[in-house]
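User: I would like to learn how to read a protein structure step by step. Could you take me through one, giving the general idea before each case?

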Amino acid sequence: MMRGKDVLEVACARGGGARYLAEVAGPRSYVATDYLESNLEICRRTHSPLENLEFRLVDASEIGDIFPAASFDFVLCVQAVTHFQDARKFVFGASQVLRPGGGLLMCDTFQRDKLQAVLDAAEEFGLVADATVDISRAVHAVGLCRMPSGRLAPGALRGPPPPPPARRPPAPVQSL
Ligand SMILES: C[S@@+](CC[C@H](N)C(=O)[O-])C[C@H]1O[C@@H](n2cnc3c(N)ncnc32)[C@H](O)[C@@H]1O
């Protein structure tokens, strides 16, 4: 889907997803942004450079001011829209920087009213919702668990040791 395309990722955090997609999905260019310099510093330090991958300090609400109009085929935003102060302005910016036929891909844990607000903004700025997939049933089916907090002793999250490999009975000796 992204092969040969120009991709803008908004709110990339430490850049693991960006590094992975830039390598395996084969985009022509992948610009990964976040508004925290500390995150970008980690991105640049952690990930070995790729020719098509660039990390930039950009606030989500400013993508429409920073990047030229119609310069990306995809705008990708994973687990971040609900963090944005101004999600409407982000959606507006996405509508500006996307080329005709381009796609805004979002994945998040939305409450219904927040999701509706984002979908309304998308419609307002001329984006057409191709698909919204609600995976909450699958999440509930798997179940949520409480995460331990505080410092963990080394190995505290390790499960029990694996059972020893099953012993194979010796192969029967064939008589000639
Ligand atoms: C939960 S993390 C998700 C990160 C990443 N997309 C992932 O899936 O691992 C939320 C990210 O949103 C970024 N963020 C929050 N508000 C932002 C804004 N206004 N502009 C750009 N990035 C923002 C934070 O710095 C953080 O990296």
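**The ligand and its surroundings**

Analyst: A residue is near a molecule if its C-beta atom, placed from the backbone, lies within 6 Å of it. By that rule 16 residues surround the ligand here, and the closest are Ala11, Ala13, Tyr35, Ala60 and Val78. This is a predicted model, in which local features need pLDDT of at least 70 and side-chain atom pairs count only at pLDDT 80 or more, while totals for chains, interfaces and linings use all residues. Residues are numbered from 1 along each chain as its sequence is written.

User: How do the residues of the shell around the ligand divide into nonpolar, polar and charged?

Analyst: Ala, Val, Leu, Ile, Met, Phe, Trp, Tyr, Cys and Pro count as nonpolar, Asp, Glu, Lys and Arg as charged, and the others, Gly among them, as polar. The shell holds nine nonpolar, five polar and two charged residues.

User: Which elements make up the protein chain, from the N terminus on?

Analyst: Helices (H or I, at least four residues) and strands (E, at least two) are DSSP runs, numbered from the N terminus. The protein chain has six helices and five strands, and they run in the order β-α-β-α-β-α-β-α-β-α-α.

User: What is the order of the strands in the sheet?

Analyst: Two strands pair if DSSP finds at least two bridges between them. The five strands form an open sheet in the order E3-E2-E1-E4-E5, with parallel pairing. Strand E3 (53–57) and strand E5 (98–107) stand at the edges with a single partner strand each, so one side of each is left without a neighbour in the sheet. Five bridges join E1 to E2, and Glu9 stands opposite Ala32 in E2. Strand E2 (residues 29–34) also pairs with E3 over five bridges, where Ala32 stands opposite Phe55.

User: Is E1 enclosed or left open, and why?

Analyst: A residue is buried if 20 or more other C-beta atoms lie within 10 Å of its own, exposed if 12 or fewer, and partly exposed in between. Four of the five residues of E1 are buried, so this strand is largely enclosed by the rest of the structure.

User: Which residues touch the most other members of the largest nonpolar core?

Analyst: In soluble globular proteins, nonpolar side chains tend to be buried together. A nonpolar core is a set of buried Ala, Val, Leu, Ile, Met, Phe, Trp, Tyr and Cys residues joined through C-beta atoms within 7 Å. The largest one has 35 residues, of which Leu8, Val10, Ile63 and Val75 touch the most other members.
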